[in-house]
Amino acid sequence: CAIPLIIVRLYSYSYIRRLQNELEMATSIITTTYLRNNDLVRAIEENIDYIKSPVKGVLQEFILENKFINPNVRQTIDHMKDKVDDNIFKEWCDAMKKCVANNSLKYMLSPVVEKYAKLRKINVITKPTIDGMKIQMFGVIGLVFVNFPLLKLMSNDSNNWYSILVNSTPGKITVAWIAAV
């Protein structure tokens, strides 16, 4: 049955949306602090309390790895980049690596962070359309499945559509095709 798959996809879309919102906030405040103090590790440490999970866990691992395992910030940024599956975050990490190597490039971070705001605007514009399509899809699915009990109620001795649909091979193929679509 496709219903569990649909539920998992809806939850994954919701998770991705929350992750993008949290990444937008985290990269924004870390970038602002980094522009002020020119120290990435300190910028993350100052703002870690304002960041929520799952981004907070990734940033805490970054701090711990930088302090206790590998003090090379560029390599630690690479490890952090691999932990989050988001293209804008990966781009921000790449820009941050360049900034760590050359501090005069730090102003290239703000345009990367602004991409999250643009993405949020696009989501706000498209969400009503997508929600409308979801409502239509579930309505059509509901109408299709309501037809089976209606066929059962309308069937009589001279008109046996329900038994043809559920007992004959062509009827079973039709029902399987409807369920698959």
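**Core and helix packing**

A: Start with the core. This is a predicted model. Its largest nonpolar core has 31 residues. Leu40, Leu59, Phe62 and Trp92 have the most contacts inside that core.

Q: Which elements give two or more residues to this core?

A: Helix 1, helix 2, helix 3, helix 4 (73-83), helix 5 (87-101) and helix 6 (109-154) do.

Q: And where does the largest share come from?

A: From helix 5, with seven residues.

Q: Let's do helix pairs. How do helix 1 and helix 2 cross?

A: Helix 1 covers residues 3-37. Its axis and that of helix 2 come within 8 Å and cross at roughly 130°. That angle makes helix 1 oblique to helix 2. The crossing of helix 1 past helix 2 is right-handed.

Q: Which residues make the contact?

A: Helix 1 brings Ile29, Ile30, Thr33, Tyr34, Arg36 and Asn37. Helix 2 brings Leu40, Arg42, Ala43, Ile44, Glu46 and Asn47. By type, the contact of helix 1 with helix 2 has six nonpolar, three polar and three charged residues.

Q: What links those two helices?

A: A loop, and Asn38 is in it. Asn38 has a phi near 60°. That is a positive value in a residue other than glycine.

Q: How exposed is Asn38?

A: Asn38 is partly exposed, because its relative accessible area is 34%.

Q: Next pair. What about helix 2 and helix 3?

A: Helix 2 spans residues 40-47 and helix 3 spans residues 55-69. Their axes come within 10 Å and cross at roughly 135°. So helix 2 is oblique to helix 3. Here the crossing is left-handed.

Q: Who is in that contact?

A: From helix 2, Leu40, Val41, Ile44 and Glu45. From helix 3, Leu59, Phe62, Ile63, Asn66 and Lys67. The contact of helix 2 with helix 3 divides into six nonpolar, one polar and two charged residues. Leu40 also belongs to the contact of helix 1 with helix 2.

Q: What kind of peptide bond joins Ser53 and Pro54?

A: A cis one, with omega about 0°. Pro54 sits in the loop between helix 2 and helix 3.

Q: How far is Pro54 from Cys93?

A: They are 39 residues apart in sequence. In space they are 17 Å apart, C-alpha to C-alpha.

Q: Where does Cys93 lie, and is Cys93 buried or exposed?

A: Cys93 lies in helix 5. Cys93 counts as buried because its relative accessibility is 0%. Beyond residues up to four places away in sequence, Cys93 touches Ile77, Met80 and Lys81. Met80 is also touched by Trp92.

Q: Last pair. How do helix 1 and helix 6 cross?

A: Their axes come within 10 Å and cross at roughly 160°. That makes helix 1 roughly antiparallel to helix 6. The cut-off for that label is over 145 degrees. Helix 1 passes helix 6 in a left-handed crossing.

Q: Which residues make that contact?

A: On helix 1 they include Ile6, Leu10, Gln20, Thr27 and Leu35. On helix 6 they include Leu109, Tyr116, Leu119, Asn123 and Lys134. The contact of helix 1 with helix 6 divides into eleven nonpolar, seven polar and three charged residues.

Q: How far is Lys134 from Thr169?

A: Their C-alpha atoms are separated by 32 Å. Along the chain, Lys134 and Thr169 are 35 residues apart.

Notes: Residues are numbered from 1 along each chain as its sequence is written. This is a predicted model: local features need pLDDT of at least 70, side-chain atom pairs count only at pLDDT 80 or more; totals for chains, interfaces and linings use all residues. Side-chain values use heavy atoms; hydrogens and water are left out. Axes are lines fitted to C-alpha atoms, for helices over the stretch in contact, and angles run from 0 to 180 degrees between N-to-C directions. Helices (H or I, at least four residues) and strands (E, at least two) are DSSP runs, numbered from the N terminus. Angles under 35 degrees count as roughly parallel, over 145 as roughly antiparallel, 65 to 115 as roughly perpendicular and the rest as oblique. A crossing is left-handed if the near helix is turned anticlockwise from the far one by less than a right angle, and right-handed if clockwise. Contact means heavy atoms within 4.5 Å. Ala, Val, Leu, Ile, Met, Phe, Trp, Tyr, Cys and Pro count as nonpolar, Asp, Glu, Lys and Arg as charged, and the others, Gly among them, as polar. A nonpolar core is a set of buried Ala, Val, Leu, Ile, Met, Phe, Trp, Tyr and Cys residues joined through side-chain atoms within 4.5 Å. Buried means under 20% relative accessible area, exposed over 50%, partly exposed in between (1.4 Å probe, protein chains only).
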